[in-house]
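Subject: Structure handover and notes

Hello,

Here is the structure I said I would pass on. My notes come after it.

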Amino acid sequence: MAIQKPDTMFKNIDHKPPRKDWMDVPADIKPGRYCYAAGPEPLEYVGMPNPRKWDPLDKDWKLPENWENTIITGMKERLEKYRSFKIFMDICVRCGACADKCHYFIGSGDPKNMPVLRAELLRSIYRGELTTAGQILGRFAGGRKLTEEVLKEIWYYYYQCSECRRCSIFCPYGIDQAEITIIGRELLNLIGLNIGWIAQPVANCYRTGNHLGIQPHAFKDMLEFFCDDIEEIYGIKPEPTFNKVGADILFVTPSGDVFADPGTYTCMGYLILFHYLKEEYGLDITWSTYASEGGNFGLFTSHEMMKRLNAKMYMEAKRLGVKWILGGECGHMWRVIHQYMDTMNGPADFLEMPISPITGTRFENASSTKMVHIVEFTADLIKNGKLNLNKSRNANVRATYHDSCNPARGMGFFDEPRYVLNNVIDTFHEMPQGTTKEQTFCCGGGSGLNAGENEEIRMMGGLPRANAVKFVHDKHDVNMLSCICAIDRATLTAMVDYWVPGVQVCGVHELVGNALILPGEHERETDLRGETLPGKEEE
Amino acid sequence: MKAIYSLFLVFALILLAMIGAGTLGMEYLFGVIIPYLAVLAFVVGFMLKVIGWGKSAVPFRITSTCGQAKSFPWIKENKLENPSSTWGVIGRMFFEVFLFRSLFRNTKVEIHDGQRIAYSSSKWLWLFAILFHYTFLVIVLRHMRFFTEPVPYPFVLLDRLDGMLQIGAPVLYISSLIILAALFYLLLRRLLIPSMRYISLPSDYFPLFLIIGVVITGILMRYFLKTDIMAIKELSMGLVTFRPVTPEGIGVIFFIHLFLVSVLLFYFPISKLMHMGGVFLSPTRNMTGNTRMVRHVNPWNYPVKVHTYDAYEDEFREKMVEAGLPVVKPLEEKSENAENKE
Amino acid sequence: MYHSKKIIPGLIIFFLFMTFPFWFNIGGEAYVTPELVLPEDHENCIESVEFIRAEHMTILDQWRDAYVRDGYGLYESSLTGEMYAMSLTKTCMDCHDDKEQFCDRCHDSVSVSPYCWACHIEPEGVE
């Protein structure tokens, strides 16, 4: 489906809500703003409820019998299991501080994309079905009954939230819409309401170890294909190991890096770095075909599914007998690692305290989970002068940095990537205040929403980020948007093409790889993308 | 419409007190029984609600990370906005609870021509919210002069400070002016800003109108429709010493004031006003963010079905061997116990 | 309940704060409205008792303004029609000549601190 031109879309932004009360405006499911539903196969594979073929545009969603009860009981159960959920249902005062913080609201003007209303969609059910005041006073107490129409509305808008948590930092009570959305989607999945773009990767990941369903031999092939490319560029071919028992470190990264440009260049960056560390310091890092996915679309499905998919990382680390785990550049993968992994699948007592074998640095901040972010790993190497870098190879790059939501608002990972960037490139410009660090904007396609069919809402949601990029592009001629998230790399590419043509997207380790001088390399002509290196144009 | 319903409701409550305590002379009901029940409902209701929250587990440690996390010694950690220690959490909670830190961050989005989006600082809500809450506190504390004998010096001092402008007699309280201004700001933004009007519920207008009612009846009683303050003190002291009396000569305005306060107390535990307790228990702000450093235990963590490596190798062994990937079991043998395990 | 070590102390603090007036008065004597020593040689004040109770501060405030702006004036009682000098010292304190026994009794009880005595000499000991 073709979408509007950027200037038309921009002109059409209207933040004025309709006059009618929001409870009287049923959701109008618009093509371009929703993702297709999942077919039965992926659900059957992982044993999720109500597998069937269904279409959100149909009137009949083929809901299971007694679905209202399933949702209400599920809600009750979760109110007891998650204090966060219970408090967030009870204490919102609708002060509106969050209202204009959501990228989907800023770009679409759809009032139900205001975080407060997104939460109210569920809160009204909580009040109407589970509190005495709401049961008696109904709408006067802000309560609604759970009807099919309301359910459709929740599905529609809970798959227009990318769980980026930007609203939550402005909330005076710390109400985290991401947690509400996570639980909302978990409830929807109880009766088989999902989207294909999440359900399929979940099933793939369960079976093959990664979202894309890449089987072990193909995974190895793809990485070796990158190694061939690297050989062409450097004259040296890295030789990564796979599933190697007794390696020092297990490396896990999102499979998006193995599969889709420009993530693939980031992946080449990892391979170059690991080769360098092996040659110079004898560090043995292995890749796993079984735990070949850092991302975890279970997070967008249910807590249980998140745990089922995440379990592979520790299981594989244990099987291979590595000392600790190194994680690639990925957003929600790191949210899962930082906030859930140790609690769900730990304690990781079979691993060692993560210490960089090269610098001796103890990663105290990862002492329990025993998983280190590759950016902090590299930052430490650079700080200790262990990498032989030639910044000038990135002289064509005028970069800015996109704080990916999850490392930013799920970890507080701000200075490490900036430190690395400043050591591998000359020109770096921050985007304007209010759009970076803890106030960063989503790429528009996080939390499993980076599908093709919802392009319109992705471009709308991507606008705040793109607009900040446009600012530094116009002012400082920035031509590269760096980030540390695989979903970002995929969605931002389309998003900047739409809003800010002329800017490219890359991972931080692409720039690290390109700047790294491999021992014994031949004279290089091109960068990782095959483009001529600066200074080589005339020859 | 939602605002008008709520306004009518408050008027109805006023009328009820007027008829009840005034016309029908049910002073004991409005002056003793209802206030007692209201205090009981408030204290017990509040505590039950908090205990109810306490009964829910905190399975994960998901804090809002609004600053640099603890990292290398050479990276400056933001100890308040992303605390890794208990002291940091205490500091963060102090700023949240007493200074409304997060609201202070508030920005406003503006869409400009030429495809430009701007974000500007917007602190009005913070300002009026903090003015409202603190003057409300001052007013409550000031009222302690009716509930203590002799009145402890801090309350006397507070009263003098509040009246230090010495305008008129009885002297004008600064807090009366500020709280009215703040309440009307909070009300008008809901009524006039379209998006605020859209998200507001009757349960947002009702407490506003109710508190405005309490404030206005209080002001009327102090400055305009005066009544015998000594008799009121006798009543209030009777209440708190459990020797309830309803002395002669108390004007109906007092009973309206007291009834609206009672309704506020009843309403408190079942409403959004519980944010007073919730702000302390909100899991995103009252915990450390060092989840990778210190393991958080989920009390209801349960085993799940996972896809084991053995099951994985069984499915792909042939392809793995062909691709030169190491396998645990050679091709011929099929693993026997490679079922998916719990 | 989870985290009871933090929640219960919090609730105890809440309980103590919210019930402050109840426990603060435990053991105290029953509250009685202070008795005022009234002048023996007068039947009534310049206005009815109810009016004076509610409005004395307003009257005094008006008298002060009148005096400061226009000099001494006279006040006509709506109770008896008698004329009184608009003067705290000459009219009020003529009968109520003991601040401690009269003014302070109520003012202290409800924590009112009128600033009459910032200018006027306290009646006590004037005789």
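Predicted model: local features only at pLDDT ≥ 70, side-chain atom pairs only at ≥ 80, totals over all residues.

Residues are numbered from 1 along each chain as its sequence is written, and chains are lettered from A and ligands numbered from 1 in the order in which they are written.

Chains A and C

Chain A holds 22 helices and 9 strands (DSSP runs numbered from the N terminus, with H or I over at least four residues for helices and E over at least two for strands). Its radius of gyration is 23 Å, close to the 24 Å that the globule rule gives for 539 residues, so chain A is as compact as a globular protein of that length. The radius is taken over C-alpha atoms, and the globule rule is 2.2 Å times the number of residues to the power 0.38. The C-alpha trace of chain A spans about 75 × 50 × 40 Å along its principal axes.

Chain C has 5 helices and 2 strands, in the order α-α-α-β-β-α-α from the N terminus. With a radius of gyration of 22 Å, well over the 14 Å that the globule rule gives for 127 residues, chain C is more spread out than a compact globule. Its C-alpha trace spans about 75 × 35 × 30 Å along the principal axes.

Contacts between chains

Two residues are in contact here if their C-beta atoms, placed from the backbone, lie within 7 Å. There are 2 pairs of chains in contact, and chains A and B share the most contacts. On that interface, 93 residues of chain A touch 82 residues of chain B. Helix 15 (residues 303-320) of chain A gives the most to chain A's side, with 7 residues. That side divides into 40 nonpolar, 23 polar and 30 charged residues. For these classes, Ala, Val, Leu, Ile, Met, Phe, Trp, Tyr, Cys and Pro count as nonpolar, Asp, Glu, Lys and Arg as charged, and the others, Gly among them, as polar.

Between chains B and C, 38 residues of chain B are in contact with 33 residues of chain C. Helix 2, helix 6 (153-162) and helix 10 (229-240) of chain B are the elements giving two or more residues to chain B's side. Helix 2 of chain B gives the most, with 7 residues. By class, chain B's side has 22 nonpolar, 6 polar and 10 charged residues.

Chains A and C have no contact, and their closest C-alpha atoms lie 10 Å apart.

Domains

Domain bounds come from an automatic or database domain assignment. Chain A is given domain 1 (10-30 + 49-193) and domain 2 (203-515). The centres of these two domains of chain A, taken over C-alpha atoms, are separated by 32 Å. Their contact takes 16 residues from domain 1 and 20 residues from domain 2 of chain A. Helix 5 (103-108), helix 9 (166-170) and helix 10 (177-190) of chain A each supply at least two residues of domain 1's side. Helix 5 of chain A gives the most to that side, with 5 residues. The side contributed by domain 1 of chain A divides into 5 nonpolar, 6 polar and 5 charged residues.

Chain B is divided into domain 1 (2-281) and domain 2 (303-342), with 63 Å between the centres of these domains over C-alpha atoms.

Two helix pairs

Axes are lines fitted to C-alpha atoms, for helices over the stretch in contact, and angles run from 0 to 180 degrees between N-to-C directions. Angles under 35 degrees count as roughly parallel, over 145 as roughly antiparallel, 65 to 115 as roughly perpendicular and the rest as oblique.

In chain B, helix 2 (residues 27-55) and helix 11 (residues 252-267) pack at an angle of about 25°, with their axes 8 Å apart. That makes helix 2 of chain B roughly parallel to helix 11 of chain B. The residues of helix 2 in this contact include Phe30(B), Ile34(B) and Phe42(B), and those of helix 11 include Phe255(B), Leu258(B) and Phe266(B). By class, the contact has 12 nonpolar, 2 polar and 1 charged residues.

In chain A, helix 20 (residues 455-476) and helix 21 (residues 486-499) pack at about 75°, with their axes 9 Å apart. Helix 20 and helix 21 of chain A are therefore roughly perpendicular to each other.

Regards
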